[in-house]
Number of protein chains: 2
Amino acid sequence: MIQYVKQGGDFGRAFIQQLKERSANSGKKVDDAVAEIVETVRRDGDAAVRMYTERFDGSVPEQLVIEKADMQELIKACDPAFVAALERAAANIRDFHARQKQQSWLQTEANGVIMGQRVRGLARVGLYVPGGTAAYPSSVLMNAIPAKIAGVKELVMVTPPGKDGKPNPDILVAALVAGVDRVFLVGGAQAVAALAFGTESIPKVDKIVGPGNIFVATAKRQLYGTVDIDMIAGPSEILILADDTANPEFLAADLMSQAEHDPLASSILLTTSARIAEETIAAVYRQIEGLSRKDIINQSLDNFGAVMLCNDMEEAVEFANALAPEHLEVCAANPMEFIGKIDNAGSVFLGNWSPEPLGDYFAGPNHVLPTSGTARFFSPLSVDSFVKKSSFIYYTQDALMQAKEDIIKLAETEGLTAHANSIRVRDKQEAAN
Amino acid sequence: MIQYVKQGGDFGRAFIQQLKERSANSGKKVDDAVAEIVETVRRDGDAAVRMYTERFDGSVPEQLVIEKADMQELIKACDPAFVAALERAAANIRDFHARQKQQSWLQTEANGVIMGQRVRGLARVGLYVPGGTAAYPSSVLMNAIPAKIAGVKELVMVTPPGKDGKPNPDILVAALVAGVDRVFLVGGAQAVAALAFGTESIPKVDKIVGPGNIFVATAKRQLYGTVDIDMIAGPSEILILADDTANPEFLAADLMSQAEHDPLASSILLTTSARIAEETIAAVYRQIEGLSRKDIINQSLDNFGAVMLCNDMEEAVEFANALAPEHLEVCAANPMEFIGKIDNAGSVFLGNWSPEPLGDYFAGPNHVLPTSGTARFFSPLSVDSFVKKSSFIYYTQDALMQAKEDIIKLAETEGLTAHANSIRVRDKQEAAN
């Protein structure tokens, strides 16, 4: 069960440091197995995809692609209230992400010079969606909507077939709501490899996004460079900062909402109040009894759960920045005053009425966030994740002649005389005119 | 010497495809050597850094850091005309990159909801600068200036000591012009590992950028995730599109300016004019005799150089998009009309007076560009490369209560009942008030 760390200071600092060390490495056995799958799919295309699907998923669908008509039929099984909720969430996600869109721009100068930056959506993106209990319609929205806003021309989804050879209808309806263009029934490392290289039936994409098991993550890592990928997600975490105005029932519930994901998930409460700390632990013991994923929550809290008593909120903020959590809740009298103090966090939830699940499902900001301390340098998935930029330069003859001495001097200092020559031949041409 | 491909169409398409396959892989031997260096530096810190510096660079400087006073002394050796050119280039680079800076933003709603995105510079960045003949002051500017504009608090440079135990003064002066904060005399995989983990004297950074040899590139790849990195640069390329208004002397010079970098560099001319093709080849034979890096140029053109005659400019554009070159020159009567047609290129140089070296050194856009066809999905180095974003959500009690049914429905459909519980405990609290 959740650990109670009764002191901050140097002891707390060491505790936080130790938490940061946890990580999920794939190991050589997985690396080798994935490398073989990747190479076989590269060589044999669809035949390899079918072979691995048979081996890992038990059976192969007659055709890999799901036609629109079949999708319409399959989604009839969905709960209409669920679909309506999904559509309202999608509207919020669209609204937030539309504000991230960057425009191409240019600058002009009086001497005729034109320079600028083009920003365009990637041509084709692949979205991986896990099967089984890890098939989350909300993740389909969070990955697909920013891609479409970025201007991605074709968005292809891959997901393993269920035991009955069919896809999860809740995933399909999310794909339709989010604007996914085509769906293929294939999963695992073989799906990632197929998207990276293209096969007879599965198109080659420019970027692969979406969560997956260790085989999927390893395939993405191995293929990075052949294709772009999103962040490699590690075990995820919530960290809550609470002063004595927080509500222990809320804190307990929010810690467990993270813990239910995974035995490796980490749920940490940092508080300045011993009363809040103790009442939260009591509330965890009480609330967990009614939760269906009690066993996972228990394991997760055992492994990486903690309630820590800090000397003051400044210390709590210091520890939060050191951990750089994926999710950070601030349950304090004036939560807004903390925004400027938080250097490292994927998404920040302010106040008692902004629990993490609000962001996971509904508010609008992305729930694909940097995990395992990578919020130090990585950012949430966004419209920017689905664009490519390029620059352009147009110089006039006059403008180049004004710059020629500097360019030649810089090139020759670096010993790159053919670079200097490229300016000199133009100078000679001008002199000849 | 450069190959003449006299037909486009399917033959040309196959030729382009084959060019795309070239790549520089590190191989297992390098991987293992680098893994050992990384692990030793992680464990032993400065002692390991000194051991490897002794082994690979021949001697160890007494202290790794270069103090500001020593820098001022060392840069007295620099050519003042070079320093002045560097300062003018830096001004152009600053001007272009300042336009890339993104602001934090927020949205507010009538029901009290506040959401937004913070954009901040990374706290600390490490810049790798190679030694010897690959030490390019221009690359220092191109890496350091966007970092400082992004708001990076501390920018640390590492570079191997020269044979005399001293750094290259041209690199140092570029570091001063660009605003680098500290310089350490250490290179190779040991420098990358030191920046990723931190040692007694070298600080841990959030991101490592800058070019390096295969050991440096492999170390960056292995440490990706522990620290952010820039793109792994592959062999670079120029592709030129030319109609019959182009100048063969210019084309020849520009092809060779790329070829002089590296025997693996690729220089391709696609033209609709047999006259232009033939005169360019003749000009290459003529101009190469006067160039100091003739041998490298010859090897490079032999390996991956080509002049191809295309059926029309549409076909040339198609091939350019398939190759997705790092540098693309458009030497055509109306170069501007091509901007919208180019889907994949790192940087586009428009017209006869915008040669690649203008962009390499002076105009302002970044010269760190996606190589080896990765312009399909990667972007030039930019201010965006040195920021991290995070989102924040503030909901009021009323706003959460309006959303509660949807969140609970979505969470329960996904089987995540502890997520639903986080909303329910708040609903119960509201009912109790």
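A:E326 is buried (under 20% relative accessible area, with exposed over 50% and partly exposed in between; 1.4 Å probe, protein chains only), because its relative accessibility is 6%. The model is predicted: local features need pLDDT of at least 70, side-chain atom pairs need 80 or more, and totals for chains, interfaces and linings use all residues. Residues are numbered from 1 along each chain as its sequence is written, chains are lettered from A and ligands numbered from 1 in the order written, and side-chain values use heavy atoms, without hydrogens and water.

**Annotated site, chain A**
- An unreviewed UniProt entry places the feature "active site" at A:E326 and A:H327; such annotations may be inferred rather than shown by experiment.
- A:E326 sits in the loop between α13 (313–323) and β13 (327–331). Helices (H or I, at least four residues) and strands (E, at least two) are DSSP runs, numbered from the N terminus.
- Beyond four places in sequence, A:E326 has contacts (heavy atoms within 4.5 Å) that include A:S236, A:E237, A:Q258, A:H367 and A:T371.
- A:H327 belongs to strand β13. A:H327 counts as buried because its relative accessibility is 3%.
- Leaving aside neighbours within four places, A:H327 touches A:E237, A:Q258, A:E356 and A:D360, among others.
- The A:H327 side chain reaches the backbone oxygen of A:E237 at 3.0 Å.

**Helix α7, chain B**
- Eight of the 10 residues of α7 (residues 169–178) are buried, so the helix is largely enclosed by the rest of the structure.
- Among the buried residues are B:D170, B:I171, B:L172 and B:V177.
- At the helix start, a side-chain oxygen of B:N168 comes within 2.8 Å of the backbone nitrogen of B:D170.
- B:G179 follows α7, with a positive phi near 90°.

Technical notes:
A polar contact is a pair of N or O atoms within 3.5 Å; within protein, one must be able to donate a hydrogen and the other to accept it, and residues adjacent in sequence count only if both atoms are side-chain atoms.
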